[in-house]
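Subject: The structure we talked about

Hello,

Here is the structure I promised to pass on. Please have it open while you read, and my notes on what I found follow just below.

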Amino acid sequence: MMSNLLELRQLCVEVDGKELLHDINMTIPRGEVHALLGPNGSGKTSLMMTIMGFSGYHVCRGQILFDGEDITGLDLTGRARLGIGIAQQRPPTITGVKLRDILEYVSNGNSWRTDQVEALVKKSGTERFLDRDINAGLSGGEIKRSELMQLLVSRPRFSMMDEPDSGVDLESLSLVGGLINELFSKDLDHPAKRRSGIIITHTGHILNYIQADKAHILLNGRIACSGNPRLMLQTVGERGYEECAICMREAA
Ligand SMILES: Nc1ncnc2c1ncn2[C@@H]1O[C@H](COP(=O)(O)OP(=O)(O)O)[C@@H](O)[C@H]1O
Ligand SMILES: [Mg+2]
């Protein structure tokens, strides 16, 4: 078994014929949660969508490896079956499908007990919109909780979430942080280890609630630097993301 769950090798990605991500190298060992930081427009969402396998994101060079297997040519469904899951920042509204339907469908496939799912629904505060169409008329904070609830029941081996802290008030932030910790809390196959994933955050606020093992800063579609999340966030807070560009130039 590979110790690295996800590996990106010199990945370049095009959207609508334009190269948005350049030469991305990233390694996420089993049991680690990494933070992906960067200013708006730097390519964070595009990287997540590429790893998930959305069709608009064309890998023009490089490779994506998951658990040692090259999944660069695998479609989104295939990747979901391997255990990759996402919580989107602005997921679409799905008319005619209720949150309850999705939770029932996914939890049956994952052998959850009904009382366990009910407890999670309570904890996530999603019961008020269980019987509404997915994301229809939900507030920003409600969408985060709905997306996380769906991830929780699907128990992916590798979860990515896009700015779970954006547009969320302080009280909800600790709730969202609790849900994310629960999501990563245990790897049923390796009880000593956490589950793995990527948390995208522009502000870093969510990292006050979740321990990230490593952070990467994306600037203009490139990884500008990688390292200790606390130190990097502190530097970004004091001097801004542009400091990374300087650091990158000095390294070159
Ligand atoms: N479908 C698209 N077509 C053209 N450009 C896009 C598309 N999606 C994203 N981009 C551009 O790619 C860059 C990175 O976007 P995005 O991945 O959303 O960044 P972030 O999530 O870091 O804010 C931006 O300049 C954005 O305008
Ligand atoms: Mg984004």
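This is a predicted model: local features need pLDDT of at least 70, side-chain atom pairs count only at pLDDT 80 or more; totals for chains, interfaces and linings use all residues.

Let me begin with a helix pair. Val-117, Leu-120, Val-121 and Ser-124 of helix H4 meet Arg-145, Leu-148, Met-149, Leu-152 and Val-153 of helix H5. By class, the residues of this contact between H4 and H5 are seven nonpolar, one polar and one charged. H4 covers residues 114-124, and its axis lies 10 Å from that of H5, at a packing angle of about 155°. With angles over 145 degrees counted as roughly antiparallel, H4 and H5 are therefore roughly antiparallel to each other. Their crossing is right-handed.

**The whole protein**

The protein has eight helices and 12 strands. Its radius of gyration is 18 Å, close to the 18 Å that the globule rule gives for 252 residues, so the protein is as compact as a globular protein of that length. Along the principal axes, the C-alpha trace spans about 55 × 40 × 40 Å.

**More on H5**

Helix H3 (residues 99-109) packs with H5 (residues 140-154) at an angle of about 15°, and the two axes are 8 Å apart. H3 and H5 are therefore roughly parallel to each other, and they cross in the right-handed sense. On the H3 side you will find Leu-99, Ile-102, Leu-103, Val-106 and Ser-107, which meet Ser-146, Met-149, Gln-150, Val-153 and Ser-154 in H5. The residues of that contact are six nonpolar, four polar and no charged.

Then there is helix H6 (residues 170-185), whose axis comes within 10 Å of that of H5 and crosses it at roughly 15°. H5 and H6 are therefore roughly parallel to each other, with a left-handed crossing. From H5, the contact uses Gly-141, Lys-144, Arg-145, Leu-148, Leu-151 and Leu-152, while H6 brings Ser-172, Val-176, Leu-179, Ile-180, Glu-182 and Leu-183. Sorted by class, the contact of H5 with H6 has seven nonpolar, two polar and three charged residues.

**The six-stranded sheet**

Now for the sheets. One is an open sheet of six strands in the order S6-S9-S10-S3-S11-S12, with mixed pairing. Which strands sit at its edges? They are S6 (84-87) and S12 (222-227), each of which pairs on one side only. From one strand to the next, the twist averages 20°.

S6 and S9 (residues 158-162) run parallel and are joined by four bridges. Within this pair, Ala-87 stands opposite Met-161 in S9. Helix H1 packs on the sheet and touches S3 (33-37), S6, S9, S10 (196-200) and S11 (214-219), its direction making about 150° with that of S9. H5 packs on this sheet too, touching S6 and S9, and its direction makes about 165° with that of S6.

**The four-stranded sheet**

There is also an open sheet of four strands, ordered S2-S1-S4-S5, and its pairing is antiparallel. Its edge strands are S2 (18-29) and S5, each pairing on one side only. S1 (residues 4-15) pairs with S4 (residues 58-66) in the antiparallel sense over seven bridges. To find your way along that pair, look for Glu-14 opposite His-58 in S4, and Glu-7 opposite Leu-65 in S4.

S4 also pairs with S5 (residues 69-70), again in the antiparallel sense, over two bridges. Phe-66 stands opposite Glu-69 in S5. The hairpin of S4 and S5 has two residues between the strands, and Asp-67 there takes a positive phi near 50°.

H1 turns up here as well: this helix (residues 44-52) lies across S1, S2 and S4, running at about 70° to S2.

Best wishes

Methods
Residues are numbered from 1 along each chain as its sequence is written. Chains are lettered from A and ligands numbered from 1 in the order in which they are written. Two strands pair if DSSP finds at least two bridges between them. Axes are lines fitted to C-alpha atoms, for helices over the stretch in contact, and angles run from 0 to 180 degrees between N-to-C directions. Angles under 35 degrees count as roughly parallel, over 145 as roughly antiparallel, 65 to 115 as roughly perpendicular and the rest as oblique. A crossing is left-handed if the near helix is turned anticlockwise from the far one by less than a right angle, and right-handed if clockwise. Two residues are in contact if their C-beta atoms, placed from the backbone, lie within 7 Å. Ala, Val, Leu, Ile, Met, Phe, Trp, Tyr, Cys and Pro count as nonpolar, Asp, Glu, Lys and Arg as charged, and the others, Gly among them, as polar. The radius of gyration is taken over C-alpha atoms; the globule rule is 2.2 Å times the number of residues to the power 0.38.
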